[in-house]
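Q: I'm new to this one and would like to go through the ligand site. Can we start with the terms?

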Amino acid sequence: MKDEHQESHMAKIGFIGLGNMGGGMAANLAAKGHEVRAFDLAEAALVRAEEAGCTRAASAREAATGADFVVTMLPAGTHVRAVYSNEIINAVSPGTLLMDCSTINVASARAVIAQAAEKGIAMLDAPVSGGIAAANAGTLTFMVGGEEAAFENGKPILEAMGKAVIRAGDAGAGQAAKICNNMLLGATMVATSEAFLLAKKLGLDLQTFYDISSKASGQSWSMTSYCPVPGVGPETPADRGYEGGFAAALQLKDLKLALQAAQEANASVPMGSLAESLYQVMVNTGAGGRDFSGIIQFLDGELAAAK
Ligand code: NAD
């Protein structure tokens with residue numbers, strides 16, 4: 001017998017952007033019983049979504065028409081602005097809640113949300129933390145900007161794709177939290193890497209240094225959850241030759257968004273700025289697809305060469 005409780009919570013969801021992240025997210029919504037109409041420019045992404053139980057839409061406009069919720073997971077601010085301005089906002093009615101989960105600049109997020117508000121349509125910025133594995137497993141963390149009522153309305157849908165859904169504040173606050181967090185991550189990864197390299201040059205055993213620093217004031221997530229040194233700490237991309245994980249090119253993108261926001265807000269971010277320059281070097285050498293913890297190889301080739 002069909003569960004009436006579940007039936008009453010089934011929603012019509014338009015999902016646009018079925019890439020590395022969006023593909024898994026849309027699949028999780030379909031798996032939870034929602035009716036997902038999916039669109040992407042790439043045929044392969046559409047086929048994958050259909051296999052996961054979504055229905056194919058012919059355009060973003062078609063995916064959004066008649067939906068209770070629209071979720072987008074697009075590359076950058078330009079794509080988000082174009083898809084919302086040209087297709088989604090004109091296709092939906094005030095009963096629809098729009099949720100953009102892409103990582104984009106704060107100004108673009110606020111501009112699109114304002115444009116929707118002009119037509120009486122509520123919208124949340126809801127970027128995520130957690131990579132492709134978390135998107136596939138439905139264990140993302142959402143940081144959400146928007147009005148309280150809209151947040152409460154969208155929360156169950158985001159919960160179907162994640163393990164934590166946290167309201168950061170009003171419009172744009174989700175993107176602000178995301179880029180501040182990732183700027184901190186970039187800076188601590190560089191700092192952790194250089195500390196290990198100095199420890200090595202000073203003759204310390206790196207496991208011993210880890211054992212000490214992970215219980216002392218130098219501890220951070222970059223050290224104890226994502227150690228950039230192969231064979232030290234928990235298993236991380238460092239143990240797989242820096243393959244997979246969180247690509248340096250994406251870390252660079254987030255650092256650039258943080259610097260752009262800092263410039264607009266007259267904030268001084270010297271460590272974030274230095275991290276951005278270093279990640280630019282890594283990406284320029286053709287290593288943008290490698291995990292961001294591979295920055296340690298660019299600070300001193302010795303450690304990597306030894307492995
Ligand atoms: P991706 O490039 O794999 O996917 C983006 C998808 O959007 C592609 O399939 C593309 O065809 C589609 N697209 C582009 N323009 C479109 C349009 N006009 N209409 C319909 N579809 C369109 O990127 P991704 O890795 O899935 O990342 C998506 C967003 O999530 C980015 O903003 C990224 O910064 C953010 N993010 C990514 C990760 C990660 O680990 N990959 C983690 C957290 C956040």
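A: A polar contact here is a pair of N or O atoms within 3.5 Å. The model is predicted.

Q: OK, how far is the polar side-chain atom of Lys 253 from an oxygen atom of the ligand?

A: That distance is 2.8 Å, which is within the 3.5 Å cut-off.

Q: And the backbone, what about Asn 20 and Met 21 there?

A: A polar backbone atom of Asn 20 is 2.9 Å from a ligand oxygen. For Met 21, a backbone N or O atom lies 2.8 Å from an oxygen atom of the ligand.

Q: How much of the ligand's accessible area does the protein cover?

A: The ligand on its own has 830 Å² of accessible area, and the protein covers 83% of that.

Q: Which residues come nearest to the ligand?

A: There are 23 residues around it, and the nearest are Asn 20, Met 21, Asp 40, Pro 75 and Lys 253.

Q: What classes are in that shell?

A: Twelve residues are nonpolar, eight are polar and three are charged.

Q: Which elements give two or more residues to the shell?

A: Those are α5 (77–91) and α12 (248–264).

Q: Why is the ligand said to lie between the domains?

A: Because domain 1 (4–169) and domain 2 (176–306) both contribute residues to the shell around the ligand.

Key. Residues numbered from 1 in each chain as written. Predicted model: local features only at pLDDT ≥ 70, side-chain atom pairs only at ≥ 80, totals over all residues. Heavy atoms only, no water. Near = heavy atom within 4 Å. Polar contact = N/O pair within 3.5 Å; in protein donor to acceptor, adjacent residues only side chain to side chain. Areas by Shrake-Rupley, 256 points an atom, 1.4 Å probe, with all protein chains shown as cover. Helix = DSSP H or I, 4+ residues; strand = E, 2+ residues; numbered from the N terminus. Nonpolar A, V, L, I, M, F, W, Y, C, P; charged D, E, K, R; others polar. Domains from an automatic or database assignment.
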